[in-house]
Amino acid sequence: MIHPTRVRWIGWGLAAIVAVGAFFRIYDLGLSAFRADEILLWGMAQRKVPPGDLLTRWFDVSGATGQMPMPAWIGQCFLWLLDWPITPFMVRLPYALVGVLTILAAYGGGRRLGGAHCGLFLAALVAVNSFHIAVSREAYFYAAALLGYFLCFWAMWAVYDEFVAKRLVGPTQLVLLGVALFFAGYSQITGLILCAALALLFLFAAWRNRGTERTWIKNMARMALVYGAVLGPLLFVSW
């Protein structure tokens with residue numbers, strides 16, 4: 001059991017890292033000019049495209065951009081719920097907040113991999129990483145994709161540990177995996193490659209640690225249900 005004082009220091013350390021990361025991603029967020037790719041989401045915000053249209057008429061409202069609609073949908077939902085004036089700061093803010101959430105996902109994955117100190121180290125690396133800061137300050141698709149990738153990293157270790165221990169994968173791990181697949185698979189088309197690689201890794205881990213019980217079969221059935229529920233709808237959409 002971790003000593004309460006140590007838990008408190010870890011919490012304060014994580015809070016400080018998140019605060020620094022948030023500062024780099026939000027400070028003067030609305031001052032820089034939009035680059036060419038960002039004009040797409042800026043234009044949608046100016047036109048106040050209903051969030052539902054992004055899912056049902058994506059090619060019509062985006063001009064067949066070749067991107068997945070989920071990050072744009074998050075941005076439009078954010079603007080629609082707040083109903084504040086459309087400014088460069090407001091259009092970029094949801095993606096900056098997604099970037100902050102990525103710091104927490106990095107901590108979760110690092111903690112699963114090597115304990116709390118490893119989690120803090122990985123979170124700090126993401127918080128001050130110039131590339132991640134740059135994509136988090138853009139009204140574009142990359143911030144959500146990177147959140148999905150770090151969530152996949154977290155889910156990979158969470159599920160893998162259950163396979164190694166020959167335990168049934170619990171609801172917490174299944175929800176984490178589902179959220180990871182959602183952000184990775186619906187943010188960028190290349191995220192589907194990561195989702196497929198993750199499925200192969202789970203299959204290998206389940207088979208290697210199968211033992212004499214049928215737990216691994218039940219776990220793979222649960223994995224299949226999560227994958228089907230989250231990624232199955234992609235088979236029925238035009239984009």
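Begin by selecting Met 44, Phe 163, Leu 177 and Met 223, which touch the most other members of the 58-residue largest nonpolar core. A nonpolar core here is a set of buried Ala, Val, Leu, Ile, Met, Phe, Trp, Tyr and Cys residues joined through side-chain atoms within 4.5 Å; buried means under 20% relative accessible area, exposed over 50%, and partly exposed in between (1.4 Å probe, protein chains only). The model is predicted: local features need pLDDT of at least 70 and side-chain atom pairs count only at pLDDT 80 or more, whereas totals for chains, interfaces and linings use all residues. Residues are numbered from 1 along each chain as its sequence is written, and side-chain values use heavy atoms, with hydrogens and water left out.

Next, colour the elements that give two or more residues to this core: helix H2 (39-47), helix H4 (58-62), H5, H6, H9, H10, H11 and helix H12 (215-231). Helices (H or I, at least four residues) are DSSP runs, numbered from the N terminus. H9 supplies the largest share of the core, 10 residues.

Now display H9 (residues 142-164) together with H11 (residues 191-208), whose axis lies 10 Å from that of H9 at an angle of about 10°. Axes are lines fitted to C-alpha atoms, for helices over the stretch in contact, and angles run from 0 to 180 degrees between N-to-C directions. H9 is therefore roughly parallel to H11, the term for angles under 35 degrees.

Move to H5 (residues 70-82) and H10 (residues 171-187), whose axes come within 8 Å and cross at roughly 105°. The two helices are therefore roughly perpendicular, a class that covers 65 to 115 degrees. Select Met 70, Pro 71 and Ile 74 in H5, which meet Phe 182, Phe 183, Tyr 186 and Ser 187 in H10.

Then centre on Thr 102 in helix H6 (residues 88-114). Thr 102 counts as buried because its relative accessibility is 0%. Leaving out residues up to four places away in sequence, Thr 102 touches Val 126, His 132, Ala 143, Leu 146, Leu 147 and Phe 150. Continue to Phe 150, which, with the neighbours within four places set aside, is in contact with Thr 102, Ala 105, Ala 106 and Val 126.

Conventions:
Contact = heavy atoms within 4.5 Å. Parallel < 35°, antiparallel > 145°, perpendicular 65-115°, else oblique.
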